[in-house]
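Here is a quick walk through the two chains, what holds each one together and what goes on where they meet. Have the structure open while you read.

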Amino acid sequence: MFNSYLSNTLKYNPELCANCGMCTDVCPHGVFAPDGNAVRLVRPMACMECGACQLNCPTGAIAVDSGVGCATAMIFAALRGQKEATCGDVVQPSCSSGG
Amino acid sequence: MMSPADTQLVRPTTSTISPANRWDHFLARWGVDRSGHRVEPGLYALGNPTKDSPVFVTANYTLSFDALRSALAGVDGYILVLDTQGINVWCAAGKGTFGTDELVHRIEVTQLGNVVRHRVLILPQLGAPGVAAHEVKSRSGFKVEYGPVRANDLPEYLKTHTATPEMREARFTLLDRLVLIPVELVFVLLPMLVAAVVLFFFNGWLSAAGAATAILSGVVLFPILLPWLPTSDLSTKGFILGEVMALPFAAAAFLGRPDAASWSRVGGALTYLLAMPPVTAYLALNFTGSTPFTSKSGVKREIYAYIPTMAWSFGIGIALVIALPLIRLLRG
């Protein structure tokens with residue numbers, strides 16, 4: 001296994017899409033693109049599971065198991081027996097340094 | 001100090017970054033008083049805004065607030081600062097503190113509806129993982145418009161209120177990565193010194209330098225070289241970098257004892273090749289928390305795939321560090 005990022009949890013049902021374009025606005029990796037009557041999944045592998053599209057989709061056409069893609073938070077959560085890793089449980093050096 | 005009546009207050013601000021602001025940014029980058037770089041949440045007036053001026057929303061982290069107001073030089077508008085407990089927009093959105101509830105709450109307490117005539121808010125795009133635009137609309141009457149990822153693109157964005165694909169793309173430039181190094185460095189400094197001192201007394205300067213090199217490779221070289229290291233996974237990138245950095249140490253250990261038995265020379269070289277790369281790889285894996293592209297499921301796969309290898313490699317390497325001098329001693 002040399003690429004851990006070849007699959008992810010993003011699921012999109014174009015039949016539920018109301019074509020509002022919100023997902024194309026919020027995605028920082030161009031995963032969705034406008035296309036006729038419903039948006040199209042164009043770069044599914046670029047998804048980083050941030051959950052912005054799911055949260056901003058008013059018709060529930062998008063589902064993704066979102067969360068922090070941060071090894072520090074996940075390792076510490078595992079060590080503490082927690083199921084879900086969240087930012088801020090541990091002080092990951094860089095996580096509050098970005099703009 | 002704030003009194004309840006003050007919550008309606010619109011505070012003045014400017015787009016000027018003062019030397020005091022720069023000093024604050026510097027301290028934040030070095031991890032000094034990490035959660036203390038805060039702006040008072042509430043509504044701010046930038047320039048001379050009217051009832052029709054745009055409203056921009058940001059986090060109450062000084063770096064976020066200052067990036068926004070400095071990008072808006074010459075623009076008259078309002079800045080609505082959410083209480084994210086001194087955390088930047090992206091991380092606070094992930095936690096939900098830069099979120100729908102706080103936004104709706106802040107609109108209410110600042111009585112924003114009385115301050116402006118329109119009903120549009122411009123949010124940073126990276127705040128979207130915490131904010132449901134349609135829910136904000138139904139609960140507050142305000143329409144959320146997601147602006148560009150970077151505040152610097154706002155002047156261009158404001159001309160048309162549409163963002164180009166470039167403005168929507170999260171990038172991780174060399175500069176973005178460089179500014180993260182100081183705080184990473186601060187976090188490893190003490191463990192690095194302890195490891196180096198212990199190894200120095202136990203095994204000599206080469207081992208001490210090896211430990212320091214493995215750690216510095218992980219927190220300084222790795223962020224710089226990230227896009228140019230082969231492979232996709234951060235762990236394997238880290239292993240490769242760590243292995244390259246270990247080579248001179250292995251060579252020095254092998255060539256440094258020309259009179260010793262060959263098992264002793266090979267063993268000495270192996271110590272570095274086994275113990276150094278997993279340290280660099282582990283620090284590289286932890287850099288996933290800083291990148292704007294690693295997914296939760298991908299990072300999970302990385303942890304399961306590489307942590308055992310890291311542990312074995314490091315464990316055998318350290319066992320050799322302890323065993324080799326003992327065997328040499330016993331064999332005279």
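## Chain A on its own

Of the 99 residues in chain A, 48% count as buried. Keep in mind that this is a predicted model.

As for the fold, chain A has three helices and four strands, and going along the sequence they run β-α-β-β-α-β-α. If you take the contacts in chain A with a separation of 6 or more, 38% of them are between residues 24 or more positions apart.

## Where A meets B

How many residues does each chain bring to the contact? Chain A puts in 47 residues and chain B puts in 53. Together they bury an area of about 4200 Å², and carbon and sulfur atoms give 54% of that.

On the polar side, 21 residue pairs are in polar contact across the interface of chain A and chain B, counting pairs with both residues at pLDDT 80 or more. On chain A, the helices α1 (22-26), α2 (52-56) and α3 (71-79) each supply at least two residues of the side that touches chain B. Sorted by class, that side of chain A has 23 nonpolar, 19 polar and five charged residues.

There are two salt bridges between chain A and chain B. One of the salt bridges in the model links B:Arg168 to A:Asp25, with the closest N and O atoms 3.7 Å apart.

## Salt bridges inside chain B

Over all chains, the structure holds ten salt bridges. Take B:Asp66 and B:Arg69, whose side chains meet at 2.8 Å, N to O. Both sit in helix α2 (residues 62-71) of chain B, three residues apart, or about one turn of the helix. B:Asp66 and B:Arg69 are both buried.

Another salt bridge joins B:Glu102 and B:Arg106, where the closest N and O atoms are 2.9 Å apart. How far apart are these two along helix α4 (residues 100-109) of chain B? B:Glu102 and B:Arg106 are four residues apart, so about one helical turn separates them. This pair, B:Glu102 and B:Arg106, is buried too.

B:Arg150 and B:Asp153 also form a salt bridge, with their closest N and O atoms 3.8 Å apart. Buried or partly exposed? B:Arg150 has 23% relative accessibility, so it counts as partly exposed. B:Asp153, at 21% relative accessibility, is partly exposed as well. Finally, B:Asp101, B:Glu135 and B:Arg139 are joined into one network by salt bridges that share partners.

How values were computed
Residues are numbered from 1 along each chain as its sequence is written. Chains are lettered from A and ligands numbered from 1 in the order in which they are written. This is a predicted model: local features need pLDDT of at least 70, side-chain atom pairs count only at pLDDT 80 or more; totals for chains, interfaces and linings use all residues. Side-chain values use heavy atoms; hydrogens and water are left out. Contact means heavy atoms within 4.5 Å. Buried area is the accessible area (1.4 Å probe) that two parts lose on being put together, summed over both. A salt bridge is a side-chain nitrogen of Lys or Arg within 4 Å of a carboxyl oxygen of Asp or Glu. A polar contact is a pair of N or O atoms within 3.5 Å; within protein, one must be able to donate a hydrogen and the other to accept it, and residues adjacent in sequence count only if both atoms are side-chain atoms. Ala, Val, Leu, Ile, Met, Phe, Trp, Tyr, Cys and Pro count as nonpolar, Asp, Glu, Lys and Arg as charged, and the others, Gly among them, as polar. Buried means under 20% relative accessible area, exposed over 50%, partly exposed in between (1.4 Å probe, protein chains only).
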